[in-house]
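Visitor: I'm new to reading protein models. Could you walk me through one?

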Amino acid sequence: MIKLKTEVLLITPPLTQLNTPYPATTQLLAFLKSKGVKAAQYDLSIDLADAIFSKNFLSDVLTENNPKGHFSIHRDSYINLVEPVKEFLRGKNQTLSQRISSRQLLPEGPRFRNIEDLEWWFGTLGKTDMARHLSTLFFLDIADYIRDNVCSHFGVTKYAERISLLLPQFTPLDDELKKEPNLVDVLMLSILKEKIDYFNPKLIGFSVPFPGNLYAALRCGRFIKENYPDIKIVLGGGYINTELRTLCDPSIFNYADFITLDDGELPILRLIEYLQDGRTPLLRTFICTDGEVRLLDNISDSVCVKELPAPDYSGIDVEKYLSLMELPNPMHSLWSNGFWNKMQLTRGCYWAKCAFCDTTLQYIANYDPSDASLFVDNMQTIINQTGQTGFHFVDEAAPPALLHKISEEIIKRGMVVTWWTNIRFEKSFGEDLCKLMAKAGCIAVTGGIEVASNRLLNLMNKGVTVEQAAQTCKNFQDAGIMVHAYLMYGFPSQTEQETIDSLEIVRQFFKLELIQSGFWHRYAMTCHSQTGQNPQNYGVKRVSLKPNPFANNEVPFIESVNCDHDRLGKGLEKSIYNYMHGIGIDEHVSSWFDFKVPMSHIPPDYISKLIFGDRKKMKNR
């Protein structure tokens, strides 16, 4: 086997979304290469998914586990169809769409039970999208079988998330990692070994963006330490930045050598130099010596966004990614459907005042915008690398002024691109800007309507009102831009009445087609937010201020109102699922709950009057 001499190998551990690579390694790779470092990247997540959804693996598990019921009857169909369906989800083998959409080819397991009227969604000509939706359900059935019979940790876009979601003590995860590897672990480690032998790195960096990546990163770390003791291991990423800032338990250093915080460019560059000369001071890096965890040189030094090179996609096999469509809703499907080049317009958030957000952390509080011309240059560089013209700008909140400049730059250059991003529903997104964004290729935005209550929006310092959000959504809709709303319930002092009123507001947004999709999030207090640091200002009390030895992010608190928010969650989720399918929009909001809730205080034409005025009076004039 050919062996490369690589200083650093950057790895995305399983599992993340399967339609596009997580962007951390592409940015770090570009920076390190610009500094003359011999670096490479590898997406272990997509390769593990590729190996699991394969004829060989499925043949093994469906033979060894002696399946019963549906999978016993259709065993051969799953084995023979998994590879062709996978190729179809990669945009190949498109002639298969007619057979799949006929619903005569795929075995239809539990995921197909609640399938909606496909002809209503896709019509008679949207056979490819219909087939993609059916193929996704086929894959989800396989994933459910693997989770229930082979590996309880497995999910399509997350791995062992349940263990890592709330982890004040490292012991539960440590105990799980000390067990013999399961079949999926074994497969993952065999792929990892092949790549380590090929790249021959001195340092391996694992980006851990979510709880559903931590177990895999540490399982890989243990394997490396046992089989490649000369290779050093560093952990970084979103999960590390939010959960492990006050780390004092040394146990995790049995699986890694270094842990870095916040923007990773300078910390990993300093680490490389330190490993070479033993003298370079480390930056925002945890180490463990003699059983004591220490954070070295914890300062805010970082690279200016304007000085960062374009993300580097070399080593990323674009052909391997899968376009999934779990829900037929066109806005909601953007997260998993299509290959999106991911970029950041800025570092940090230009608003950075929302009380529920981790605004005390550097990656949100330190705002640093891109230069519009250089940013569009970088877009073109990425297009040349990947051959893909779709972009997802993954900012906390994209600044309207910068979006205006970038849209003008895209149009001036005659570029044909497609993009979407996250925004705040503020007044700056007027009719003209929304139309300009659409002309420049914007097809969708996501943003927080949150609690849909002016009292609570003011309390959380959101900087928008329900009326303002409605008008902004209308401006986007008039420009042909789809909108997804992030929604929240259970914010401190929120009453049951306010939650029901919020649902009525959301119903009216859907009815007027101001939004196309949404998702209700249960509020969680974090120790890095203003609510977590000053709970008395929000009428609640934190249960404990003492840091945990391992993960510290979500903190329990005592409410000031008598409201069982958790029991409302099921009805809220049920409502939004149906609204996204165009169902029940004219029903009273109380119909989504299995118990009596208060009547909404919001008039049924409240949003309509805000947006369109009193039509009767206008007609009389």
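Predicted model: local features only at pLDDT ≥ 70, side-chain atom pairs only at ≥ 80, totals over all residues.

Visitor: In what order do the six strands of the open sheet run?

Guide: Strands are DSSP runs (E, at least two residues), helices too (H or I, at least four), numbered from the N terminus. Two strands pair if DSSP finds at least two bridges between them. Here the order is β8-β11-β12-β13-β14-β15, with parallel pairing. At the edges sit β8 (341-343) and β15 (517-522), each pairing on one side only.

Visitor: How many bridges link β14 and β15?

Guide: Six, in the parallel sense, with β14 covering residues 482-489. Tyr-489 has Arg-522 in β15 as its bridge partner.

Visitor: Is Ser-453 buried or exposed?

Guide: Buried means under 20% relative accessible area, exposed over 50%, partly exposed in between (1.4 Å probe, protein chains only). Ser-453 has 12% relative accessibility, so it counts as buried. You'll find Ser-453 in the loop between β13 (442-450) and α19 (454-459).

Visitor: Which side chain makes a polar contact with that of Arg-147?

Guide: A polar contact is a pair of N or O atoms within 3.5 Å; within protein, one must be able to donate a hydrogen and the other to accept it, and residues adjacent in sequence count only if both atoms are side-chain atoms. For Arg-147, the partner is Asp-144, at 3.2 Å. Arg-147 lies in helix α8 (residues 127-149) and is partly exposed, at 35%.

Terms used
Residues numbered from 1 in each chain as written. Heavy atoms only, no water.
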